[in-house]
Amino acid sequence: MLQRLGARDFESVFRLMTLSFPEDEYRTREGQRALFDDPAYRLYGLRGEEGLDAFAAAWTLTDHLFIEHLAVDPARRNGGVGGRFLDAVIAESEQPAVLEVELPETDIARRRIGFYQRHGFFLNDYEYYQPPMRAGQEKLPLFVMSTGAPLNRAQFERTRDELYARVYKYGAKG
């Protein structure tokens with residue numbers, strides 16, 4: 001089911017990324033491709049008969065596996081593929097996982113949070129901003145979710161600071 005993907009899979013991953021996320025939630029084509037040079041960056045995929053059914057982009061950090069992107073091909077959604085795939089990605093790591101979610105201000109954001117909660121994630125209600133992914137963009141207000149248990153403030157701040165420095169190459173506090 002779960003496969004490690006590499007640079008050869010970039011075009012399929014980037015196509016699914018552009019179908020699944022607004023432009024301010026992923027890097028430019030060149031920026032995304034450059035991540036393959038970072039040993040902490042990992043891509044996981046699920047292949048089907050038609051090609052790539054799902055992918056997860058993740059980072060191995062000090063205390064967590066950070067799932068930066070998780071996407072299922074629109075034609076394969078709502079059939080349990082995403083949940084099984086997410087569970088497999090989490091099981092691949094010995095570390096607890098963290099990810100970012102939109103604020104629960106829309107039905108789709110609330111459904112997304114509920115999906116992650118059904119898969120063992122806890123919503124951490126601390127102020128957090130995703131740094132800009134591209135030049136000229138604004139930071140995005142989000143929440144961080146974590147597996148295992150909610151993060152206490154000190155854990156959250158360490159995680160936030162490492163995300164900013166390691167993943168986003170952004171000043172420690174934004």
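Q: Hi! Is Tyr-170 buried, partly exposed or exposed?
A: Tyr-170 counts as partly exposed, because its relative accessibility is 28%. Buried means under 20% relative accessible area, exposed means over 50%, and partly exposed lies in between (1.4 Å probe, protein chains only).

Q: Before we go on, what kind of model is this?
A: This is a predicted model, where local features need pLDDT of at least 70 and side-chain atom pairs count only at pLDDT 80 or more, while totals for chains, interfaces and linings use all residues. Residues are numbered from 1 along each chain as its sequence is written, and side-chain values use heavy atoms, with hydrogens and water left out.

Q: Thanks. Which residue forms an aromatic pair with Tyr-170?
A: That is Tyr-164, and the pair is edge-to-face, with 5.8 Å centre to centre and 85 degrees between the planes. Tyr-164 counts as buried, because its relative accessibility is 3%.

Q: What's the rule for a pair?
A: Rings of Phe, Tyr and Trp (its six-membered ring) pair if their centres lie within 6.5 Å. Planes under 30 degrees apart count as stacked, over 60 as edge-to-face, and the rest as tilted.

Q: And how many aromatic pairs does that give?
A: The count comes to 11 aromatic pairs. One of them is Phe-10 with Phe-14: the ring centres are 5.4 Å apart and the planes are at 20 degrees, so this pair is stacked.

Q: Where do Phe-10 and Phe-14 lie?
A: Both are in helix α1, four residues apart, which is about one turn of the helix.

Q: Let's switch to α5. How many residues does it have, and how far does it reach?
A: Helix α5 covers residues 153-167, so to speak 15 residues, and reaches 20 Å from its first C-alpha to its last, close to the 21 Å expected. The expected span is 1.5 Å times one less than the number of residues.

Q: Which residues of α5 are buried?
A: Phe-156, Thr-159, Arg-160, Leu-163, Tyr-164 and Val-167. Seen down the axis of α5, they fall within an arc of 130 degrees, so they line one face of the helix. The arc is that of the directions from the helix axis to the C-beta atoms.

Q: What does that face pack against?
A: The buried residues of α5 pack against β3 (51-60), β4 (65-72), β5 (97-102), β6 (121-130) and β7 (140-147). Contact here means heavy atoms within 4.5 Å.

Q: What about the two ends of α5?
A: At the start of α5, a side-chain oxygen of Asn-152 reaches to within 3.1 Å of the backbone nitrogen of Ala-154. After α5 comes Lys-169, with a positive phi near 55 degrees.

Q: Which residue's side chain makes a polar contact with the side chain of Thr-159?
A: His-64 does, at 3.5 Å. A polar contact is a pair of N or O atoms within 3.5 Å; within protein, one must be able to donate a hydrogen and the other to accept it, and residues adjacent in sequence count only if both atoms are side-chain atoms. His-64 is found in the loop between β3 and β4, and it counts as buried because its relative accessibility is 9%.

Q: Now the core. How many residues are in the largest nonpolar one?
A: It has 32 residues, and those with the most contacts inside it are Phe-55, Trp-59, Phe-66, Tyr-128 and Tyr-168. A nonpolar core is a set of buried Ala, Val, Leu, Ile, Met, Phe, Trp, Tyr and Cys residues joined through side-chain atoms within 4.5 Å.

Q: Which elements give two or more residues to this core?
A: They are α1 (10-20), β2 (41-48), β3, β4, β6, β7 and α5. The most comes from α1, with five residues. Apart from this core lies another, of 23 residues, among them Tyr-44, Ile-90, Leu-99 and Tyr-116.
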